[in-house]
Amino acid sequence: MRNPLFLVLLVGFSLAGCDSKPKEAAPTATEATAAEADPDLVTLSPAEQQAGGLATGRVSTRPMGTGLAVTGTLDVPPESSVAITAPLGGFVESTTLLQGTRVSKGQALAVIRNPDFVQLQQDYLETRARLEYARAELARQKELYEQEVAPQKNYQRALADYNALRVQTAAQAARLRLAGLPMGGRMVSTATLRAPRAGFVKTVNVTVGQSVTATETLFEIVDPEHLHVELTVFEKDVRKLQKGQLIRFSLPSDSVNGSQERTARVYLIAQAIGADRTVRVHGHLDKENDPALLPGLYVRATIETGRADVTALPNAALVRFEGQTYGFVAEAAGRYRLVALPTGRSEDGFTEVTLPADLPASTTFVTDGAYSLLAKMKNAEEEE
């Protein structure tokens, strides 16, 4: 029989072996207390740092454009915007269009009913019949005149009647085509309005049953494939502008983190000062097929008039919170402090920053994963 003392020691060693698995380093009690006392400090375990995909680095000096900060809108040239009217008026019998609908060239937009359409077709058919008779009469009078059987004035009268009816028939046919009515066959009292070009429906100004006139705009179609930026520049800054200058612009929906670079070039500078003492600047986009760009959108832009070296951080290093921009300073392993960083221009994935007076240029910042740290900090505050 084995010694009881031996069994006790064996069980003790087995329990100690089960607890010998290495553990991840956790924040010390002092670090945890400091993190709780400082709301701008966040502490992550090694596993949390890896999951957040954090990367660190220092600020860099990069050349960025200097220029005029302006505002404006996205617009389309006049040939890309079409107002649709009913040329002869009438009543809207049917339409299925909604704002934002994509239409192709020749697509039916609405059906217009007008009792006068029947009269137009009747007049055309009657005039065309008279034209056929006038053509035959002209041929007969010409033959009689050449045979010296009838006087010349009969031939001249027949020629004048024929020419007058031909002009009248052509005019009536043009009116039928303008209204979208057939020129022959069964007479109808409705006409279909069709899209003269492809694009998106910008406005719909009619309802079924509405009476419309020839001067009323029923629909407006916009083709956004050739957007441009229309910027407003104060008269004192006009002398700094010239054709071909680079325009960097952003939309209100763009965030600092991962915002897309959008550029244009100055194409036209207005030669007249407006009543508000500003000048219009027209810029052509470098990339026109951006689905996020729509006519009428407000833009913030910078027109480059030069370049200068600035202190910058990657856009992924910056976070927006409560209307201000912040970054995270890596103080120690797993310890990061939130600091305010006023920003300036953005270019090629980097943003100009102004470091606080107490932070040297050698300070290490979180350059990727800053939003993960912000989420961790705010979640901790909510738990408290």
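Thr 367 counts as buried because its relative accessibility is 14%, where buried means under 20% relative accessible area, exposed over 50% and partly exposed in between, computed with a 1.4 Å probe on protein chains only. The residue lies in strand β22, residues 364-368; helices (H or I, at least four residues) and strands (E, at least two) are DSSP runs, numbered from the N terminus. Leaving aside residues up to four places away in sequence, Thr 367 touches Ala 55, Thr 56, Gly 57, Pro 314, Ala 316 and Ala 317, a contact being heavy atoms within 4.5 Å.

The model is a predicted one, in which local features need pLDDT of at least 70 and side-chain atom pairs count only at pLDDT 80 or more, whereas totals for chains, interfaces and linings use all residues. Residues are numbered from 1 along each chain as its sequence is written, and side-chain values use heavy atoms, with hydrogens and water left out.

Strand β3 (residues 60-75) pairs with strand β16 (residues 298-314) in the antiparallel sense over 14 bridges, two strands being paired if DSSP finds at least two bridges between them. Within this pairing, Gly 67 has Glu 304 of β16 as its bridge partner. β3 is also joined to strand β12 (residues 228-234) by five bridges, again antiparallel, and here Leu 74 stands opposite Val 229.

Strands of a sheet pair through backbone hydrogen bonds, either parallel or antiparallel. Four bridges connect β4 antiparallel to β11 (residues 219-222), with Val 82 bridged to Ile 221.

Another open sheet has four strands in the order β8-β7-β5-β10, with antiparallel pairing. Here β8 (190-194) and β10 (211-212) stand at the edges, and each has a single partner strand, so one side of each lacks a neighbour in the sheet. Strands β5 (residues 90-94) and β7 (residues 108-113) pair in the antiparallel sense over three bridges, and Phe 91 stands opposite Arg 113 of β7.

β8 also meets helix α5, whose buried residues pack against α4 (116-146) and β8; among these buried residues are Tyr 155, Tyr 162, Leu 165 and Leu 176. After α5 comes Gly 180, whose phi is positive, near 80°.
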